[in-house]
Amino acid sequence: MTLLALGINHKTATVAVRERVAFTPTQLESALGELRNVPQVREAAVLSTCNRTELYCVTESSGERLILDWLSHFHGLPVDDLTSCAYHYLDNDAARHLMRVAVGLDSMVLGEPQILGQLKEAYQSARLASGLGGELELLFQHTFSVAKQVRTRTGIGQNPVSVAYAAVSLASRIFDDFGRSRALLIGAGETIELVARHLREAGVRNMIVANRTRERAEVLAREFNAEAISLNEIPDALVRSDIVISSTAAPLPILGKGMAERALKKRRHRPIFMVDIAVPRDIEPEVGDLDDVFLYTVDDLNEVIQENRRHRQAAADQAESLIEHGVSVWLHERRIRGGSELIRRYRDEAAELRKRSEQQAMVRLARGDDPEEVIRILAHQLTNRLLHRPTVALREASGSERRDLLAAAEALLLDPPSTRT
């Protein structure tokens, strides 16, 4: 069996492709069930964020193409479109990739901490969907351990910077008096909470939180002394807002060109700065065509993010060393686990041979045969049965001049000369 990591991310695919391949929370359960039913797939987990969609599978060596075909079919996307931007890693490389993802080394914002929480959610979803077996369970648990080491032993997590921070940083460069601006935040999840925190730290005090469920918006709004509204109140709030930052899990855009045009007319064309962090996008791309709207997506935050990357590179180098050690430890544990399985099978086979010989001996005793003779026959029979297969294999290895097998057999089956008496 092969460990496979297959996916797309912000480095290989545009946001237009990523949003088509993303899994919504409501899709995830059925997707995991379908993926587990793909021929040759034994275990499966799905990680889907705004910047990446990745499938981690234990599969037979030829399973990669079937998994890519399944991903294409599930999202109704031509497989050639996926092939052109998909990447895959096998075994050690797959484990290394997962660990790099977990500590933020493969993120748009180097070292961003949110990805580890998203990966833990993906792990829990796979467990609930019975997608994990011993192989992925071992890998994820070891990955979380390595991620903890990296966070505690390097500076990669100090002054955490995220896409949310990058969005606020970019907005602060646009406005001369940033603190007097009013911000409309669409969504109430972890990313928007981070946005609100960064806005408050930057001096913005006037915030509006819009969410599908008003109760969730009110919870977040209370923390930041903001106004809470529902999504259908966005048109009125847009008129009062200078900054719009959106991050929801909605499958379709929430803010369209017509809504933005009407708001700009009422604002007498005072400009609005918008950042759409969501994948799929919350704001129609056509909104960016309006003269008084400055619309950015996650792909446009690269300048801010590259500045952050330079500051964190030294810590990243330390993290890479810890990950290499982590991969070695995982590989060692994987080999031990593989050996344990072989030992179990061999012991089960030996136990079956013993049971068969024992039953035959009991029959002889029951019919009154001499016990000493029964024991001699039992010992002879059991010895022959245990040695038959190794003996045949050794003869074949000798005839084929398989000196490697003969040396391994000698090491496994015979005591070293120095221990013989």
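The structure holds an open sheet of four strands in the order β2-β3-β1-β4, with antiparallel pairing, where two strands count as paired if DSSP finds at least two bridges between them. Its edge strands, each pairing on one side only, are β2 (41-48) and β4 (87-90), and neighbouring strands of this sheet are turned by 15° against each other on average, direction ignored. This is a predicted model, in which local features need pLDDT of at least 70 and side-chain atom pairs count only at pLDDT 80 or more, while totals for chains, interfaces and linings use all residues. Residues are numbered from 1 along each chain as its sequence is written, and side-chain values use heavy atoms, with hydrogens and water left out.

Helices (H or I, at least four residues) and strands (E, at least two) are DSSP runs, numbered from the N terminus. Strands of a sheet pair through backbone hydrogen bonds, either parallel or antiparallel.

Angles run from 0 to 180 degrees between N-to-C directions, and axes are lines fitted to C-alpha atoms, for helices over the stretch in contact. Helix α2 (residues 25-36) lies across β2 and β3 and runs at about 150° to β2, whereas helix α5 (residues 91-102) lies across β1 (2-9), β2, β3 and β4 and runs at about 115° to β4.

Strand β2 also contains E43. E43 is buried, with a relative accessible area of 9%, where buried means under 20% relative accessible area, exposed over 50% and partly exposed in between (1.4 Å probe, protein chains only). The side chain of E43 reaches the backbone nitrogen of G133 at 2.8 Å. Not counting residues up to four places away in sequence, E43 touches several residues, including R36, Y56, V58, G133 and L136.

A second open sheet has six strands in the order β7-β6-β5-β8-β9-β10, with parallel pairing. Its edge strands are β7 (227-230) and β10 (293-297), each pairing on one side only, and its neighbouring strands are turned by 20° against each other on average, direction ignored. Five bridges join β5 (residues 182-186) to β6 (residues 206-211), which run parallel, and I186 stands opposite A210 in β6. Helix α10 (residues 214-223) lies across β6 and β7, running at about 165° to β7.

Two packed helices are described by the angle between their axes and the distance between the axes. The axes of helix α14 (residues 371-399) and helix α15 (residues 403-413) come within 9 Å and cross at roughly 145°. The contact is made by L394, A397 and S398 of α14 together with L405, L406, A409 and L413 of α15.

| Cysteine | Relative accessibility | Closest cysteine sulfur |
|---|---|---|
| C50 | 21%, partly exposed | 16 Å, in C85 |
| C85 | 7%, buried | 16 Å, in C50 |

A disulfide is a covalent bond between the sulfur atoms of two cysteines, and here the term is applied to a pair of cysteine sulfur atoms within 2.5 Å. By this rule the count comes to zero disulfides.

How values were computed
Contact means heavy atoms within 4.5 Å. A polar contact is a pair of N or O atoms within 3.5 Å; within protein, one must be able to donate a hydrogen and the other to accept it, and residues adjacent in sequence count only if both atoms are side-chain atoms.
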